[in-house]
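The sequence and structure are shown below.

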Amino acid sequence: MAILVELCLLFPYRSEEMKMIEILIIEDDKRIADIHRRFIEKIQGFQVIGAAHNGAEAKDWIQVLKPQLILLDVFLPDMKGTDLLPFIKSESPESDIIFITAASETAIVKKAFRAGVSDYMLKPLTFDRFQKSLLAYQSKSMSLEKSDSLNEQSIEQLWNKNHEAYMEQVITPKGIDPSTMIKIKEKLAISSTGITAEEMGIACGMSRSTARRYLEHLTADQKARAELLYGTIGRPERRYFFTP
């Protein structure tokens, strides 16, 4: 009962209209748990509702909170994270799991895979990798909630997180069309001597300014690089090169 009172004080009632994805962090290193918390605070639509630093604490949090998403480490002081999988399935079957761990042993990865975990990320972890994982999970969750049935493309996307168009839709900003971005990237990849915004616009049937916007987005995302090349006549031209 004490833990229930404490939880009510820490996490007051939240309206269902917020549709926040509530996350429980299970990580023995408090510094790493804090890093994950700060990562989550930068991503819209997610909220940390607890952090457990050993298996016993984790069981208490799971039973009381029944979180939508659990970020689970493998190496805990009193048990392995994989040992929690049957407990989670029994006590909070609606909880989804993402492993964040340094464990790369085949036996452990198999257990996670067979348990149907949403993702498996290896430490050390960059914010970019972390964000992509959570945004992909968020998009899949929304797909499952928005209708009683799904079309074939939506079902394929649930099981194919590397589908390029799907991931571009998840992470690209407003004003960047995912299908157009794929076309730009394909053209850039085969342009061994680089390409200008004007040349890209002609090749893809768009204005020079539109092509430049996409190319600059790729450059900012480090998926392309830009160089000023000086010709014999006229102004220097900004050419873009594909970054593998």
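## Packing of helix 2 and helix 6

Is the crossing of helix 2 and helix 6 right-handed or left-handed? In this predicted model, the crossing of these two helices is right-handed. The axes of helix 2, which spans residues 30-41, and helix 6, which spans residues 127-145, come within 10 Å and cross at roughly 60 degrees. Because of that angle, helix 2 is oblique to helix 6.

On the side of helix 2, the residues that meet helix 6 are His36, Phe39 and Ile40, and their counterparts in helix 6 are Phe127, Phe130 and Leu134. Taken by residue class, this contact is made up of five nonpolar residues and one polar residue, with no charged residue.

## The nonpolar cores

The largest nonpolar core holds 24 residues, of which Ile26, Ile70, Leu72, Leu84, Ile97 and Phe99 touch the most other members. Two or more residues are given to this core by each of strand 1 (21-26), strand 2 (46-52), helix 3 (55-65), strand 3 (69-72), helix 4 (85-91), strand 4 (96-101) and helix 5 (106-114). Helix 3 gives the most, with four residues.

Ile26, when its neighbours within four places in sequence are left aside, is in contact with Ala52, Ala58, Ile62, Ile70, Leu71, Leu72, Asp73, Leu76 and Leu84. In soluble globular proteins, nonpolar side chains tend to be buried together.

Conventions
Residues numbered from 1 in each chain as written. Predicted model: local features only at pLDDT ≥ 70, side-chain atom pairs only at ≥ 80, totals over all residues. Heavy atoms only, no water. Axes fitted to C-alpha atoms, helices over the stretch in contact; angles between N-to-C directions. Parallel < 35°, antiparallel > 145°, perpendicular 65-115°, else oblique. Left-handed = near helix turned anticlockwise from the far one by under 90°. Contact = heavy atoms within 4.5 Å. Nonpolar A, V, L, I, M, F, W, Y, C, P; charged D, E, K, R; others polar. Core = buried A, V, L, I, M, F, W, Y, C linked by side-chain atoms within 4.5 Å. Buried < 20%, exposed > 50% of the residue type's maximum accessible area, 1.4 Å probe, protein only.
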